[in-house]
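This report examines selected local features of a protein model. Please consult the sequence and the structure while reading.

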Amino acid sequence: MEPVLYLDHAATTPVLPEALEEFVRVCRELYANPSSLHGAGAAAARRLEEARAELRRAAGAEGYRVVWTATGTESNHLGIQGLARRLRGRVRPRTPRVLAGALEHPAALEAARALEAEGFRVETVPADREGRILPEALEPLLDGDVVLVAVQWVNNELGSLHPVAALVERVRRRAPQAAFHVDAVQALGKIRPTVASTGADSVAVAAHKIGGVRGCAALFLREGGPEPRPLFRGGGHEGGLRSGTENVAGAAAFARAARLRREALESEPERFLRRRRLLLEALRRAHPGLRVLGPEAEDRIQGGILSCAFPGAPAEPLLHHLESQGVLVGSGSACHRHGASDSPVLVALGLPRELRSSVLRFSLSGSETEAELRRAGEAVARALRELRVAAPGGG
Amino acid sequence: MTDAETRIYLDNQATTRVDPRVLEKMLPYFCDRYGNAASRNHAFGWEAEKAVEEARELVAAGLGARAREIVFTSGATESNNIAILGAARMYAEKGRHLITCATEHKAVLDPMKALEHEGWKVTVLGTDGYGRIHLEELREALREDTVLVSIMHGNNEVGTLQPIAEIAALCKERGVLYHCDATQTAGKMEIDVEALGIDLLSCSAHKIYGPKGVGALYVRRRNPRVRLEPILYGGGHERGLRSGTLNVPGIVGFGEAMRLCLELRDEETPRIRALRDRLQERLTTELDFVKLNGHPTERLAGNLNLSFAYVEGESLLMGLEGIAVSSGSACTSASLEPSHVLRAMDVGDDLAHSSIRFGVGRFNTSEEIETVADRTIEAVRRLREMSPLYEMALEGIDPRTVEWNAHA
């Protein structure tokens, strides 16, 4: 049997060998508690700070500090809830408003929604038909009562790129009292623009999406920007923003993975887009009538994600047929357990119901070979034949 | 650090080295079996989920709990915060009174303080000179509107064990939830949440030779069914109590660490206790003016917290280069304030400043213990040679009663 072809890297990614090596090395040699004053503790603390600097460099986050957390979900909560709680005083006694992009990941969306119980008014910023949040959509919502705007950099289901720098700029002009949070979990290591280029106040990233080890994530905070209220307390680690014994091995592995991803992108800037084109060709051969979701223009997408609707082919059996051929792909976001048919992102795009239930998400590591991408297309063709889906001659 | 031969890690209450067997067990889950445990649509996802559920069984087994009652977190700090903030907010209608103890870890005291700012009333119980609460004080502190009592099992600094069975019984009798921070004891001591009647319990992998970045919260599901308001939302992982992609390799490591602890415990605990006792014996017989902090018998097997009068803890720490021991709690030792635990036990600032915590663990050998004893005795003697206070003490004068004058 052919080896497994894993094309669900937006859900999670295998650990890069170099990152794993670093994780194991730290577990074996630098296992002391970085808060301890003895030499072994100091060595662990030094390694943690090296990792912090390495991650900052890899993400291009000059002018930002790095706060280690455990998950992207936690980073998004710390950015969104922490900043909203910190800044609500700026608009007192009026009701503070929080604006979240319509296509946010559940981790960010629900972090924002939970603020409603605390007296915030939470509203969504509508996306356009391509699945992007544009400054024109945000602008009319901005006023003196907004304390936080949260928009992801890359949509996890569509791969659409939101113009965050332009959105941040609009917020600075129209609602200077507000903070801006960016969920960059699907952006780090996949696109070239730097964290600093966004100008945002907080930027969430996670290790396991780029070949780091699960259980480690981070939040970049703009120096001189507002400081979030911590989510949990006890010990005052990470400048009081995130208490708990630091996961040194996880941080070291994360930073190493981020650096390798950055180097790979610099040496081959088109590594994702080029493979996405090849994959799309292969899929079109299998089903000429397939419909690509999200933006068409390549400067509006993160090339590692390709979501397609296969008209006439229900996603779930399709997924299983692919799996039986050793090709693993995703349907919608792995982080919620509804079927793809009720993905809020696909609903927001205005995709008709019968198409919503035929969506597959292919997501790349950026090192797939041409043969592997062809194989994915052939596997889809075979699956469609077995499902007796008549592939209409499109295009 | 000095050369490898003199490196001795004796700070096992701060954290432990990952057991090679644990690391071995984790390895396949980094690269080969990397499904997102919430991603149910493909085989990798299934395999990851199965591994997580096996680990959940193992952790539950170490606590006398059922697997469904275990919520995986990023560590004991998060577990403590979910338990305390979550219960307080969920049951705010019942009342807004909480009880804890002055010697708790900051991961319990700090969320309590945060709730105090939000309008909750918090009773902080004192302790006796050994660091144990007075049960009568707890009984008197319990009120109609008390929602939660949070009192730890084993203290991280002085090792004192609280009477958790009695505390749990008292809470049960009064219909109050009991949360126990068992970070120092889970896996190392027998704990049966069912028999004891504990409602919430926090623990962590890195204190039991597992990886950092993973912990667990036990949440009782019946008699009573405990409900908590989560801190992290979105995705609904861990039955909605803790959203976020599961740290599969970390969780697998936690499960294996717990399994090993249970398997080795009958052999390991007496061995660690004997090493600790040997160290205590040498330090207290070969040196004078040494005081044991914590309970003489009701204490963690691997913990030895001693105050060496007339010696600064920090100086002693420096004199023990290559040996990893702590002065005060690792989590607060970056500050030079005397430990809040020793202060609560009324140890006195002088003695608190001269305290050292020796934490014996799985990988320590008797040679190491002898080396640490030799080096400590030598360092304390050297430091005391320079201490006029020590000289006075030897002459029978208590330096604290001396009235200093300008010509002295």
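In this predicted model, Pro93(A) is found in the loop of chain A between helix H3 (72-87) and strand S3 (97-101). The bond that joins Arg92(A) to Pro93(A) is a cis peptide bond, and its omega is about 5 degrees.

A cis bond also occurs in chain B, where the peptide bond runs from Asn223(B) to Pro224(B) and has omega near -5 degrees. Pro224(B) is placed in the loop between S8 and H9 of chain B. The two cis bonds are listed below.

| Cis peptide bond | Omega |
|---|---|
| Arg92(A) to Pro93(A) | about 5 degrees |
| Asn223(B) to Pro224(B) | near -5 degrees |

The loop between strand S8 (215-219) and helix H9 (248-286) of chain B also contains Arg225(B). Glu238(B) lies in the loop between S8 and H9 as well. Although Glu238(B) is not a glycine, its phi has a positive value, near 50 degrees.

Which residues form a positive surface patch with Arg225(B)? The patch is made up of Arg225(B) together with Arg68(B), Arg222(B), Arg227(B) and Arg239(B).

Attention now turns to charged residues in chain A. Side chains of opposite charge can pair when their charged atoms come close. Over all chains, the structure holds 57 salt bridges. One of them links Arg25(A) and Glu22(A), with the closest N and O atoms 3.1 Å apart. Why are these two residues separated by about one helical turn? The reason is that Arg25(A) and Glu22(A) are three residues apart in helix H1 (residues 17-29) of chain A.

The side chain of Glu130(A) is joined to that of Arg300(A) by a polar contact of 2.9 Å. When residues up to four places away in sequence are not counted, Glu130(A) touches Leu158(A), Ser160(A), Gly294(A), Pro295(A), Glu296(A), Arg300(A) and Leu349(A).

Notes. Residues are numbered from 1 along each chain as its sequence is written. Chains are lettered from A and ligands numbered from 1 in the order in which they are written. This is a predicted model: local features need pLDDT of at least 70, side-chain atom pairs count only at pLDDT 80 or more; totals for chains, interfaces and linings use all residues. Side-chain values use heavy atoms; hydrogens and water are left out. Patches are made of residues with over 30% relative accessible area and no salt bridge: like charges are joined within 9 Å, nonpolar side chains (Val, Leu, Ile, Met, Phe, Trp, Tyr) within 5 Å. Accessible areas come from the Shrake-Rupley method with a 1.4 Å probe; for residues, only the protein chains shown count as cover. A salt bridge is a side-chain nitrogen of Lys or Arg within 4 Å of a carboxyl oxygen of Asp or Glu. Lys and Arg count as positive and Asp and Glu as negative; His and the chain ends are not counted. The place of a charge is taken as NZ of Lys, CZ of Arg, CG of Asp or CD of Glu. Helices (H or I, at least four residues) and strands (E, at least two) are DSSP runs, numbered from the N terminus. A polar contact is a pair of N or O atoms within 3.5 Å; within protein, one must be able to donate a hydrogen and the other to accept it, and residues adjacent in sequence count only if both atoms are side-chain atoms. Contact means heavy atoms within 4.5 Å.
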